[in-house]
Every structure is written in C-alpha cells, then in structure tokens.
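Colleague: I am new to this one. Could you take me through it, feature by feature?
Modeller: Gladly. Have it open beside you.

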Amino acid sequence: MSTFTPRSDFLRTLQERGFIHQCSDFEALDALAAKGEAIAYVGYDCTAKSLHIGNFLTMMMLYWLQQSGNKPITLMGGGTTMVGDPSGKDESRALRTIEEIEENKASIRGVFAKVLRYGSGPSDAEMLDNAEWLTKLNYIEMLRDIGRHFSVNRMLTMDSVRLRLEREQEMSFIEFNYMICQAYDFVELSKRVGCRLQMGGSDQWGNIVNGVDLGRRMGTPQLFALTTPLLTTASGAKMGKTAQGAVWLNADQFSPYDFWQYWRNAEDADVAKFLKLFTILPMSEIARLEALQGSEINEAKKVLATEATALLHGRDAAEQAAETARKTFVEGVAAETLPTVTIDAETFKHGVGVLAAFVSAGLAASNGEARRLVKGGGLRVNDVAVSDDALKLTPLDLNAEGAIKLSLGKKKHVLLRPE
C-alpha cells in the first residue's frame, strides 16, 4: 500500500495526512472513490452523553470523504449499544437501559453537523440508526440466515475475544454476539443505501473485516475495510485523557476553552501530526508550521488549538478561547470566559477549604492529590502559590470580578464563583 499512489482525492488526502493504518483492498477502493461512488460509514455507539476525541478522528475521515465528492453515513448504534462492544475492554460494559441509550443518542446527534454537511444531495451526509433493523431481527431467523456464516473458531481468534480470554476475564454471550451485529450492519447498509466502505479505529479491524466477509457470503457487491491508527502521543500515552477526564466533544462536558487548551498543551513532537489529522489547513501551511523551531513551536501549537477548536465549536468560540488564553497568560488577568465552577454563597461566607475547592474545580482528583500538589508548589490562588493546605477561602479572596482564580501550574485555570 505504501508504494501505491492513489488516484482518488479521498485516499490521497488520507494517505498524506496519516489517517491510513489498514485497508482490505486499497486499489479497488481507490478506483471506487475516484468515480465519486464511495459511500462509507462509521458506527458510533451511544455509551455516553458525548463522543470523545477518538471519534473526532473518524469524523475527520468522513469529512475528507465528503470533500472528495463521496457520501458519508454516520450510524448511530441504538441497537449495538444494547449489546456492548468488548473491544479493548477487560470487563463487560454495563448494560444501559433503552431510556439511557435514547438520551445519549439525542445528546450525541448534534456534534456531527458541526463537521459534516447533511442533506439530500449525492454527497450529503446521512444519519441512520442500527436499532431500526437489529431490534426487529427474529432470533431463530438470525441464527439461520446470518449466524451460519460465522465460524466460532475464527471468532475466538479476534482480538476483542482472544485478549479477554487470555487474561482469564469473563466474556458474556451477549458480548460475543457484538461482532455479528456489527457485521450485519455493514450488509444491511449495503442493501439499503449502497454503502461499500466501513471505517474505524485499528481496534475495529476484526469486526469490520467480518462485515466484509459476511457481505461476500450474502451476495453484496465487494465491501471494503479501512482503519486509522489508534491515537497515542509521541511519548506513547493514550491520547484523549486529561486531569479532568476524557476529552469530550460536547461543549457542556468539555468547554471550547478546555478543548483549545488541550491542543495548546500538545507535545512538540505531536504538533505536525495533529495539524494533519485535526485541522483542514493545506499541507503547505502545515509544512511551514512543522519547520518552526525552538519557542516558535508555541505559535504552531496556538494555530493547532484554534483550527481544531474552530472545526468542532466554530470560529467565534475558537477565537474567544485564544483571546482568553492570551489575557490569562500574557496579561495575567482572570478573564471572564475562563471555565467557572460555582459554590453556594451561604456556605462560602463561612470559608471553604482550599483542597476541596481545587477538587470541586476539577484541578485535583482528591484532597490527597491536592495536598501533594500544595507541597510541590503546584497550586495557586489568585496567582499566589498555596503553601498551607489548611487554608480556607473566604469572600475576602474574591477578585474584582467577584471570583477566585484557581490555577494548577501555569496552564490550567478555573474561576470559583459564589452564587
């Protein structure tokens, strides 16, 4: 694949930007995409109220598919979420109620329209839900018509199953069926809307290839699998985790300012990679930014932060986040647009412990961690280092804006405001 030069804009873009990990038939898929006939989908289970940064990567694959004149499909996993994907998990996922799944689904839906164009045109995105067909399957008919095409021997070799069994972790029968459901989704989408390509993270390769194989056995046109590398930082850490938890895509769970800061704090060695994956800047501009050295790399990081945030939250929110950061770090003021947590005003009158305040602000996971940070000189209140872990914050600590600025190191700030 590395020696093959794609003819299609879609695969050429994905190849030069570093999206491609594995492909089941690169040349045949390239020919399909070059004709503008590649209809592709990514599945998104509704396990939480928001998608996370790993999902942003596959959304960008769908974005470039659409930009090349091909059609993206976002498949909501209303049905597969009832089963639970065992990939990468040592323990069974908690089964969610139908009400929880519907609530999560409603919360997730809006994020796609920020990146993709939906409509009725040939390359307009379409949103479907696998609950539409999976919940209507008759069990005996499914075993006869679909299950007979699956070899248990082969299923046991799939990473999602094999790794769980090797670690002697229990796998429920319902989870064992997940790959069958996902494979059937591919076949169903092929029949309903002519979908020929499924994309996902590299941990989904086995599940996707099962769908390609099931399609062959059930008489669909040739189906294709394409995966992207799993996200890790240059230091080898799994990408998308912060002190506050996961990097969510919904603004109410991870603010545009926090999202901007996440990219601004990227490791130097990751900046070029992230510019290629998470912005739509031309490759020539990325090459210019990649060539920056020394302290100039910080300028490239700011561009990365603003462009990635603009893609997801809009240009205005991105520029506001950049301005907030500039005011906070350059001018040293507590900008009104910093993330804010509130505290009961009556309680605050009597004083709140500094450790509890930092935990409430999400800047420390526990009082114990906050205490260790105090000893290391890592916590500041209104830009003054905290030296006493028994300190109580009172109305006397409020600044001119009626808030207290809590800081973890030089880059993480939250306003504590009584209400």
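Colleague: In which strand does Leu408 lie?
Modeller: Leu408 lies in strand 14, residues 404-408. Helices (H or I, at least four residues) and strands (E, at least two) are DSSP runs, numbered from the N terminus. This is a predicted model, where local features need pLDDT of at least 70, side-chain atom pairs count only at pLDDT 80 or more, and totals for chains, interfaces and linings use all residues. Residues are numbered from 1 along each chain as its sequence is written, and side-chain values use heavy atoms, with hydrogens and water left out.

Colleague: Is Leu408 buried or exposed?
Modeller: Start with the cut-offs. Buried means under 20% relative accessible area, exposed over 50%, partly exposed in between (1.4 Å probe, protein chains only). Leu408 has 17% relative accessibility, so it counts as buried.

Colleague: Which residues does Leu408 touch, not counting those up to four places away in sequence?
Modeller: Contact means heavy atoms within 4.5 Å. By that rule Leu408 touches Leu363, Leu373, Gly378 and Leu379. Phe358 is 50 residues from Leu408 in sequence, and their C-alpha atoms are 8.6 Å apart.

Colleague: How many helices and strands does the chain have?
Modeller: There are 19 helices and 15 strands.

Colleague: How does the radius of gyration of the chain agree with that of a compact globule?
Modeller: The radius is taken over C-alpha atoms, and the globule rule is 2.2 Å times the number of residues to the power 0.38. For 419 residues the rule gives a value near 22 Å; the chain has 24 Å, which agrees. The C-alpha trace spans about 75 × 50 × 40 Å along its principal axes.

Colleague: What share of the contacts links residues 24 or more positions apart?
Modeller: Take the contacts with a separation of 6 or more. Residues 24 or more positions apart account for 72% of them.

Colleague: What percentage of the residues is buried?
Modeller: Buried residues make up 50% of the 419.

Colleague: Which residues touch the most other members in the largest nonpolar core?
Modeller: First the general idea. In soluble globular proteins, nonpolar side chains tend to be buried together. A nonpolar core is a set of buried Ala, Val, Leu, Ile, Met, Phe, Trp, Tyr and Cys residues joined through side-chain atoms within 4.5 Å. Here the largest core has 70 residues, and Phe10, Phe56, Met199, Leu226, Phe259, Trp263 and Phe278 touch the most other members. Helix 3 (residues 53-67) gives this core its largest share, 10 residues. A second, separate core has 31 residues, including Tyr41 and Cys181.

Colleague: What is Phe10 in contact with, beyond its neighbours within four places in sequence?
Modeller: Its contacts include Ala33, Met61, Trp64, Leu65, Met199 and Leu226.

Colleague: Where is Thr227 found?
Modeller: Thr227 is in strand 6, residues 224-228. At 0% relative accessibility, Thr227 counts as buried. Leaving out residues up to four places away in sequence, Thr227 touches Phe19, Ile20, His21 and Trp205, among others.

Colleague: Is Met283 buried or partly exposed?
Modeller: Met283 has a relative accessible area of 26%, so it is partly exposed. Met283 lies in helix 14, residues 283-290. Setting aside residues up to four places away in sequence, Met283 touches Glu16, Arg17 and Lys276. Phe26 is 257 residues from Met283 along the chain, and their C-alpha atoms are separated by 22 Å.

Colleague: Which helix holds Arg162?
Modeller: Arg162 is in helix 8, residues 159-166. Its relative accessible area is 29%, so Arg162 is partly exposed. Beyond neighbours within four places in sequence, Arg162 is in contact with Leu156 and Thr157.
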